[in-house]
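Welcome to my notebook. I opened a structure today and wrote down what I looked up, entry by entry.

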Amino acid sequence: MLRIKGLTKRYRTGDLAIKGIDLDVPDGQVMALIGPSGAGKSTVIRCINRLVEPTAGSVALNDIEITGLGSAELRRARRRMGMIFQEYALVERLTVMENVLSGRLGYVGFWQSWLRRFPQSDIDEAFRLLQRVGLDAMADKRADELSGGQRQRVGICRALIQNPELLLVDEPTASLDPKTSRQIMRLIKELCAERKLSAIINIHDVMLAQMFAERIVGLRLGEIVYDGLPDKLTPAVLTSIYGEEDWSATIRKADDADEPVADNVVPFELPRPDRDRLAGLT
Amino acid sequence: MSIAVPSPRHWKKPPLIKRAWLRWTLALGAALYLALAFGTTDVNWHRVWEGLPRGAQFVTAFFPPDFTSRWEEIVEGISESLWMAVVSTVIGIAISIPVGIGAARNIAPAPVYYFCRAILAVSRSFQEIILAIFFVKLFGFGPFAGFVTLSFATIGFYGKLLAEDIEDMDAGQAEAVRATGASWLQWINFGVQPQVMPRMIGLGLYRLDINFRESAVLGIVGGGGIGATLNTSFDRYEFDSAAAIVLVIIAIVMAVEYSSGYLRRWVQ
């Protein structure tokens, strides 16, 4: 359970990015955070793991107050929050395996990580995750040899190997084509369901948000202006979030619910897609 | 409504200096100074003419290069220079890594940043020869003074370029590593080092190259190495041996140049 109370961020430039928002995310909930550029979406999730230091307010994950932790405790708390980035943010000159294992850095000592001698259990888990996303054959490739969709899946593995309780996802599909975007969102949703993870997903694409999230929070100018079910996103709501625009083509119609995605992709309701399917979609 | 036919509009590239009087004053001033400078350069054409055959004599004295008669001294000088170059590069780089990390604005807190920048500035403000004269006075003649000089100069060179490379790195990759709960050292090792490593290996080899060439000069002011051998051979008017030394230096510099080019391609 993530509990945010009165979270405020004022940047040194004086811009008030978030204006005291309150937000609770129960365990296992996949929540999408939508809003125009500059609304403060990225700032909100970076304040949760304190990559950005909040100015005021409190953030608590499973009753551990994150604001106010010392640096060693903060590192321990960060282990429990996996983060997935826009543009993947893989360390490009490290191999796929090193990138995945970097998710364990909070758990191993410096010399162990420096010599790349991670515990066997971590290596097993890394291979298991890579296999799950269909990339185990790529383990020793350098990250910059992969395609966008493959990189984002490595990014997902890096977040999951932390064994997190919460996923913070920042524009996961911003640089992906529409099909890969759906695959990535579906993968995140499936993995959250498998592991009973809660997730906060910043996303620009309203339709994707409606397809894959159970709850949608709309942010405008640092304030929450909508908090509710995906189906309740009406043109009026979207106008309140983004401003005046013709929304008729954006809102998902009820008969789209089965989500007829292109090709032979199995709908995400299936218990566990075989990895060949994922491996083929590169 | 009639549209007025626009007269053809002219366009000229705007001048670099907008104010016309300033532009002309600067141009005239520069021309005047150059004229005066050339006018007062004192060339004695008679002496130049007389010196030409002597110059030719001097040049022919270099041929053929004599590798044999001073071979032992050459080998000794070269190995001393190579020792100086390698050891000073290794020590200099080892010291410059923490200094360079501290001098990167994006990862070091302000007091550390200013302190490390000050170290780099001091190290970079003196030319190697001036440092060498100072260290020769301090430690006495010989390769040790040369080694200290080159290490000191390496810190400024390598530290500054390392700091600048860190400042240019992709912050997203480093942020992602920080988000995993990595400690500071782990963050440097996983998030920063991979991004700067290829360029740093190339620069390390380049600095080795520079240090070897510098070591040839340092000998002239007493810093030991092949420079001392070269200086001695000039003092003895053994120009054929000097030519041999120069050729050996050129060969080694070229060898380092080609191998570093190859290595740099390989680490990309």
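**Ground rules.** I call two residues in contact if their C-beta atoms, placed from the backbone, lie within 7 Å. This is a predicted model, in which local features need pLDDT of at least 70, side-chain atom pairs count only at pLDDT 80 or more, and totals for chains, interfaces and linings use all residues. Residues are numbered from 1 along each chain as its sequence is written, while chains are lettered from A and ligands numbered from 1 in the order in which they are written.

**Entry: Arg76(A).** I began with a residue that reaches across to the other chain. What does Arg76(A) touch, leaving aside its neighbours within four places in sequence? I found Gly106(A) and Gly181(B). Arg76(A) sits in helix α2 (residues 71-79) of chain A. I take helices (H or I, at least four residues) and strands (E, at least two) as DSSP runs, numbered from the N terminus. For burial, I call a residue buried if 20 or more other C-beta atoms lie within 10 Å of its own, exposed if 12 or fewer, and partly exposed in between, with C-beta atoms placed from the backbone. Arg76(A) has 14 C-beta neighbours inside 10 Å, so I noted it as partly exposed. I also looked up Leu51(A), which is 25 residues from Arg76(A) along the chain, with 14 Å between their C-alpha atoms.

**Entry: where the chains meet.** I found 23 residues from chain A and 19 residues from chain B in the contact. On the side of chain B that touches chain A, the elements giving two or more residues are α7 (171-179) and α8 (184-218) of chain B. The most comes from α8(B), with eight residues. To sort residues by class, I count Ala, Val, Leu, Ile, Met, Phe, Trp, Tyr, Cys and Pro as nonpolar, Asp, Glu, Lys and Arg as charged, and the others, Gly among them, as polar. The side of chain B that touches chain A then has nine polar, eight nonpolar and two charged residues.

**Entry: helices of chain B.** Next I followed α8(B) to its packing with α3 (71-102) of chain B. Their axes are 9 Å apart and the angle is about 145 degrees. Axes here are lines fitted to C-alpha atoms, for helices over the stretch in contact, and angles run from 0 to 180 degrees between N-to-C directions. Residues making this contact include Ser81(B), Leu82(B) and Ile93(B) of α3(B), and Leu208(B), Asn211(B) and Phe212(B) of α8(B). By class, I noted ten nonpolar, six polar and one charged residues there.

Then I turned to α10 (residues 239-267) of chain B. Its 29 residues should span 42 Å at 1.5 Å a residue, and its end C-alpha atoms are 42 Å apart, which agrees. The expected span is 1.5 Å times one less than the number of residues. Which residues of α10(B) are buried? I listed Ser241(B), Ala242(B), Ala244(B), Ile245(B), Val248(B), Ile249(B) and Val256(B). Among what covers them are α3, α8 and α9 (226-235) of chain B.

Entry: Two strands pair if DSSP finds at least two bridges between them. Strands β1 (residues 2-10) and β2 (residues 16-25) of chain A are antiparallel, with six bridges. Opposite Arg10(A) I found Leu16(A) in β2(A). The hairpin of β1(A) and β2(A) has five residues between the strands, and Gly14(A) takes a positive phi near 100 degrees. β1(A) also pairs with β4(A), again in the antiparallel sense, over five bridges. There, Lys5(A) stands opposite Ser58(A).

**Entry: Leu61(A).** This residue belongs to β4 (residues 56-61) of chain A. Is Leu61(A) buried or exposed? I counted it as buried, because it has 21 C-beta neighbours inside 10 Å. Not counting residues up to four places away in sequence, Leu61(A) touches several residues, including Leu2(A), Ile66(A) and Leu166(A).

**Entry: the open sheet of chain A.** I read six strands in the order β6-β7-β8-β3-β9-β10, with mixed pairing.
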